[in-house]
Amino acid sequence: MSDVNDTEVQETPVVVKTTLSITVDGRAHEAEPGQLLIDACEDAGSYVPRFCYHPRMEPVGMCRQCLVEVEGPRGPMMVVSCMTPVAEGQVARTETPSVKRAQEGVLELLLANHPLDCPVCDKGGECPLQDQAFSHGPGESRFVEEKRHYEKPIPISDLVFLDRERCILCDRCTRFADEVAGDPLISFTQRGNNTQVNTFPDEPFASYFSGNTVQICPVGALTAKPYRFKARPWDLEQRESTCTTCSVGCRTVIQSSRDELLRYQGSDSDAVNWGWLCDKGRFNFENVNSEDRLEQPLMRDGSNLVPSTWSQASAAVAEALKTGTTAILGGARGTNEDAFAWARLADALGIQMRDPQLSDGLPTEVFGLPSASIEEAANATTIIVIAPDLKEELPVLYLRLRDAAEKRRSRILEFTAVSTGLTKYSWKSVPTEPGLQASTVRNTLGEATVREQLGKGNVVVVVGRASLAESADHTVAALSAVLAEVPGAKVLPVVRRGNVRGAVAAGLGSNTNATEILTAAAAGKLDTLVLLGADPIADFPDTDLARRAISAVRNVISLDTFLTESTARASVVLPASAYGEKEGTTTNLEGRVTSVAQKVTARGTSRADWMVAVDIARRLNVDLGFDSVESIQRAMIATTVFAPMADGGANTREGVLIDQPAMSLPTVSATAGTHSSYDLRLVVSRRMYDQGASTAHSPSLVGLAQRNVLRVNSADLARIGVASGTSVRATSSKASVSVTVEADDSVGRGVAHLTFNAPGINAGDLIDVNASVNDIKVETL
Amino acid sequence: MSDNTTANYSLGGQVPTGPKILTSRWESADGHTYDGYVRTGGYTALRKALTTMSPAQVHDEVKASEMQGRGGAGFPAGTKWGFLPADVHPRYLVINGDESEPGTYKDRLLMEKDPHQLIEGIIIACYAFGAAQAFLYVRGEMALAQERLAQALNDAYANNLVGKRICGTDFSVDITLTWGAGAYIVGEETALIESLEGERGMPRLKPPFFPASKGLYMQPTIVNNVETLSNLPYIVNQGGTSFKDLGGATSSGMRIFAVSGHVNKPGVFEVPNGITTFRMLFEAPEYCGGVRSDRKVKAFIPGGASAMWFFDEHLDLPLDKPTVDQAGSMLGSGAIVVMDETTDMVKACWRVVRFFARESCGKCTPCREGTTWLERILHRILTGNGRREDLDLLFEVSESISPGLAWPPRQTTICPLGPSAVSPIASAVNRFRHEFEHYIEHGRAIAGVEYVPMHAGSSHGAHAHV
């Protein structure tokens with residue numbers, strides 16, 4: 001065997017090649033330049049045990065489990081393969097007696113203080129320490145002393161528990177928190193044999209990404225509250241799927257036992273999420289299991305909604321859709337197939353007014369601009385961000401862009417009225433006043449240093465509606481200003497709900513937007529309003545308009561998973577099956593179509609949206625031409641936009657990009673007068689945890705939504721003469737509310753910030769959706 | 001070899017002598033002050049270097065001196081400076097004043113008694129390899145050294161010997177003082193750099209983090225020991241060759257050794273490097289003046305707690321790096337601990353291992369878990385709970401930290417701290433196995449050793465369970 005190695009070392013490559021020739025355990029292997037030996041060995045078929053190494057984080061070489069021998073000038077040398085780059089001619093051996101001895105030695109040492117509580121440990125059965133103790137361990141421990149003892153487990157956040165006795169100090173969670181999430185809230189404390197992971201006093205590990213540490217923990221030291229003691233790994237069944245909580249579309253593995261969703265894990269998609277999930281996306285499976293789910297159709301009987309049957313309810317819906325003027329709102333929370341079926345039904349019935357967004361997004365023309373993928377955005381020389389706080393709304397996109405800035409691949413140029421999660425990673429964060437974005441963008445892009453930066457390489461614009469209290473025109477105008485200055489820039493549109501792009505591509509968008517639909521409804525011009533997983537009263541920026549509209553429409557038909565304020569006023573409520581209960585595909589903000597998997601039986605009698613459309617079509621003698629997910633997908637593939645799905649690419653982890661027809665931005669007149677010096681300009685944005693259904697019905701998350709406060713720059717507060725923490729009266733053109741005000745210098749001068757759909761005062765009460773901008777007056781009570 | 005080296009000398013006044021380079025001001029009451037330093041020739045080397053020599057000339061003198069670094073590894077200082085990549089700036093000088101190994105206290109005295117000499121050396125070094133910023137990292141517990149260095153640095157700044165445009169030339173250097181926070185591991189150069197950056201003192205992996213290429217703030221960095229730099233004024237004034245000639249063929253200059261343990265006069269002694277023998281150092285009246293009560297030497301640690309132990313057959317070896325290396329140990333940082341024939345070797349072994357177990361930083365598994373396990377086995381033996389198989393187990397666990405138990409040690413760890421804990425075990429168990437076996441069989445030491453109470457507990461018992 002060693003003779004073979006020796007001859008191969010002598011070989012000199014005669015052709016220029018892009019790979020490096022190495023030998024692993026006597027086998028020749030071509031490795032990628034820059035690759036680490038641990039990965040090259042695995043590619044070559046020799047798995048090297050490891051605990052601290054994680055391919056998405058900087059190697060630290062701490063656990064010493066991945067020791068291998070590399071032929072050196074003075075004979076074989078023991079190296080840690082996770083920190084050794086491959087080199088031409090390298091000869092590595094992973095199974096020599098001395099390597100085995102070293103690996104067994106490290107494992108025995110790791111197990112010395114590790115409690116043998118595997119039978120009651122959630123990790124048991126999927127535990128790298130357990131697995132590698134079997135595959136690479138000495139088989140028996142000679143440690144007769146008393147093991148280390150700590151209180152177990154201790155909560156380090158609302159979601160995560162830490163058992164320091166089980167911890168093997170691999171630095172994965174702490175590295176993740178620092179390197180990947182940018183929330184260095186957990187760290188090593190003490191030293192030597194007393195080293196432990198812990199939080200800082202009075203500072204919990206309140207990271208939006210804390211669940212990832214549980215997933216990457218190589219032992220059962222970190223456990224997540226929603227899954228603790230719920231199942232054994234060997235009882236779990238799993239399918240790969242895509243998270244539709246937001247529009248990033250992270251790949252997930254959804255796991256269930258006994259027909260109940262129990263856990264989501266991140267799946268590593270190069271194009272999208274790199275294996276990470278945000279905590280909301282990871283833990284909101286609880287809402288699918290909620291007791292509050294709608295289980296059977298409800299029909300109005302006087303002032304009450306009473307349980308009914310599908311045949312009665314569907315008949316009533318079909319009857320309502322037969323005549324009069326109908327509009328459809330929503331559809332962005334379902335699958336592409338759901339949206340496609342409803343769009344075809346609407347086509348057949350001549351329903352013109354449709355909008356999957358609730359006037360909190362951008363005009364659909366944005367999707368027809370030269371579009372950037374997440375990968376392109378995270379590798380752009382300059383990333384211009386004119387968008388809501390990505391950390392709050394599209395958390396994993398935030399991770400990707402943060403990584404781009406931290407690794408010095410990209411510079412972020414941000415325009416925002418209120419500091420965002422990306423502000424501290426930005427090359428330049430330009431404060432903008434709502435309504436004046438376009439001129440601020442024009443001025444900034446005219447600066448010499450900015451021009452120079454933009455000239456250095458490709459530019460991607462991440463664009464979305466930063467504030468619900470202003471017209472979309474301002475964002476469109478700002479985007480136009482960028483594209484005028486940087487014509488080659490590509491656009492990554494930030495959309496709010498999981499499948500806005502899919503719903504639009506499927507045909508659920510129209511020339512009439514949600515504001516116009518609800519205005520028509522409020523004016524009594526609408527007979528029937530179909531809400532496809534939409535709750536305008538909670539989700540539409542202008543709560544007053546939404547309430548008036550819902551009240552004025554004779555027939556409100558709601559398909560939803562929960563009873564909401566909007567569905568409560570419906571004449572027919574149809575229970576919809578939820579994420580994990582239906583099969584299909586979804587389209588993320590890039591236009592990437594990936595699969596969504598059914599893992600558990602749909603709750604009660606709930607049905608997928610597409611089934612409802614097919615059923616109603618049948619009752620109205622309309623032939624949609626499909627009656628299953630597969631036949632809907634065949635029909636989708638026949639359209640230009642979904643044609644790329646033809647090769648089955650949507651079923652791969654990376655999915656396939658839709659073929660969006662090119663469009664150009666509408667011309668907008670974005671004018672917003674300067675506000676009076678007594679007024680503050682209102683900015684309303686979303687936070688990760690709010691009163692939305694997926695948080696509100698997930699017991700582990702519901703407490704994380706923070707009460708609404710009015711955040712104002714301390715200088716403005718001083719000018720008004722109000723102390724931070726006191727109650728004030730905030731008056732807009734629509735309403736006057738009493739709210740606690742808080743000084744916060746991350747809010748720009750002249751701006752007041754409220755959170756949308758947060759517990760406490762409802763920001764939507766203050767918003768006039770037809771106003772260009774909304775100003776508020778703040779007075780002491 | 002030892003016979004040849006020592007043949008020209010006999011004890012009783014006949015020991016090799018040389019000029020006091022490093023310790024010349026130690027007896028003087030004001031040697032640590034600016035006035036005292038200048039009065040005795042201080043800062044003349046700095047003026048000479050800055051005004052009459054090019055940086056390359058200074059570097060050449062240091063190369064010619066063949067001075068081995070005095071921090072422990074003994075790597076030639078001039079060669080080390082040469083590892084800096086050309087034209088990469090900024091580059092830094094970091095001075096390792098985190099002397100914390102048991103029995104090592106020479107740098108502390110250099111900083112307390114002659115702080116200006118160190119400062120002068122620092123600036124000369126910075127001039128030689130083009131650093132504009134130096135960081136002097138002093139062990140946290142050394143209060144007097146910190147006080148005197150701070151005063152000295154203020155005086156040096158006030159006299160334009162540090163800072164902008166030193167001595168009217170266009171050469172400028174700033175020196176930043178940093179106090180450690182009480183971790184032995186920070187004496188390891190990459191851990192020291194981490195600590196300087198405000199991180200936990202944990203070593204970095206070499207490769208890729210060799211300080212000369214990726215050091216402090218990922219910039220090229222030279223880490224030099226206090227004694228190494230304190231030699232520079234002499235080298236500049238007298239020339240590298242004259243420095244070299246003070247020592248033996250393979251060890252140049254004068255060198256200071258800190259001797260502790262069972263000798264009559266423990267202390268720090270400056271001796272010609274490479275020609276003085278251990279026996280001379282222990283027995284000569286001008287040095288330690290013999291072993292206490294005229295007892296025999298049972299064992300001695302020749303170069304710090306991490307070194308393999310020497311025994312009476314090594315007494316005539318010269319204090320010469322290559323000779324000691326070849327004999328299976330090291331001179332390290334020049335800390336010599338003498339143990340006489342009444343020493344309980346099991347207890348001595350445990351005390352040294354306990355030090356390393358307590359000082360392990362916890363970063364890598366073999367050291368974090370292994371050193372503590374070794375300490376607890378030894379503690380068990382000492383408290384009468386030893387088992388026959390424990391001696392093999394000590395070697396087995398040691399093997400997991402330092403494969404082959406070879407010298408110089410191989411390591412499964414990131415830095416040499418882990419293997420350091422193996423040295424006392426390999427030394428004591430191999431040589432005095434019967435003492436360990438006696439403990440295991442009878443629960444107590446062999447007859448004839450001095451009883452020292454174990455007032456401090458095992459590293460396990462010493463920390464509270466949380």
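Helix α9 of chain A, residues 336-349, comprises 14 residues and spans 20 Å from its first C-alpha to its last, close to the 20 Å expected at 1.5 Å a residue. The model is predicted. Chain A is divided into four parts, namely domain 1, domain 2, domain 3 and domain 4, and the structure holds zero disulfides over all chains.

**Helix α9**

- Ten of the 14 residues of α9(A) are buried, so the helix is largely enclosed by the rest of the structure.
- The buried residues of α9(A) include Phe340(A), Trp342(A) and Leu345(A), together with Ala339(A), Ala341(A), Ala343(A) and Ala346(A).
- Asn336(A), Glu337(A) and Asp338(A) are also buried in α9(A).

**Domains**

- Domain 1 of chain A covers 20-111, and domain 3 covers 364-494.
- The centres of domain 1 of chain A and domain 4 of chain A, taken over C-alpha atoms, are 54 Å apart.

**Cavities**

- The model contains eight cavities of 30 Å³ or more.
- The largest cavity has a volume of about 190 Å³.
- This largest cavity is lined by 19 residues, and those closest to its centre are Val214(A), Ala224(A), Tyr227(A), Arg263(A) and Gln265(A).
- Two or more lining residues of the largest cavity come from each of α6 (210-216), β10 (222-224), β13 (260-266) and α7 (279-283) of chain A, and β13(A) gives the largest share, four residues.
- The lining of the largest cavity consists of nine nonpolar, five polar and five charged residues.
- The second largest cavity holds about 80 Å³ of space.
- Among the 13 residues lining the second largest cavity, Cys167(A), Cys170(A), Cys173(A), Cys217(A) and Ala221(A) lie nearest its centre.
- The lining of the second largest cavity has twelve nonpolar residues, no polar residues and one charged residue.

**Cysteines**

- The closest cysteine sulfur to that of Cys63(A) belongs to Cys52(A), at 3.8 Å, which is too far for a bond, since a disulfide requires sulfur atoms within 2.5 Å.
- Cys63(A) counts as buried, because its relative accessibility is 3%.
- For Cys127(A), the closest cysteine sulfur is in Cys121(A), at 6.3 Å, again too far for a bond.
- Cys127(A) is buried as well, with a relative accessible area of 7%.

Terms used: Residues numbered from 1 in each chain as written. Chains lettered and ligands numbered in written order. Predicted model: local features only at pLDDT ≥ 70, side-chain atom pairs only at ≥ 80, totals over all residues. Heavy atoms only, no water. Domains from an automatic or database assignment. Expected span 1.5 Å × (residues − 1). Buried < 20%, exposed > 50% of the residue type's maximum accessible area, 1.4 Å probe, protein only. 1 Å grid on protein atoms, 1.4 Å probe; cavity = no way out; pocket = protein on both sides within 12 Å on 5 of 7 lines; lining within 4 Å. Points joined across faces, edges and corners; volume = space filled by probe spheres on them. Nonpolar A, V, L, I, M, F, W, Y, C, P; charged D, E, K, R; others polar.
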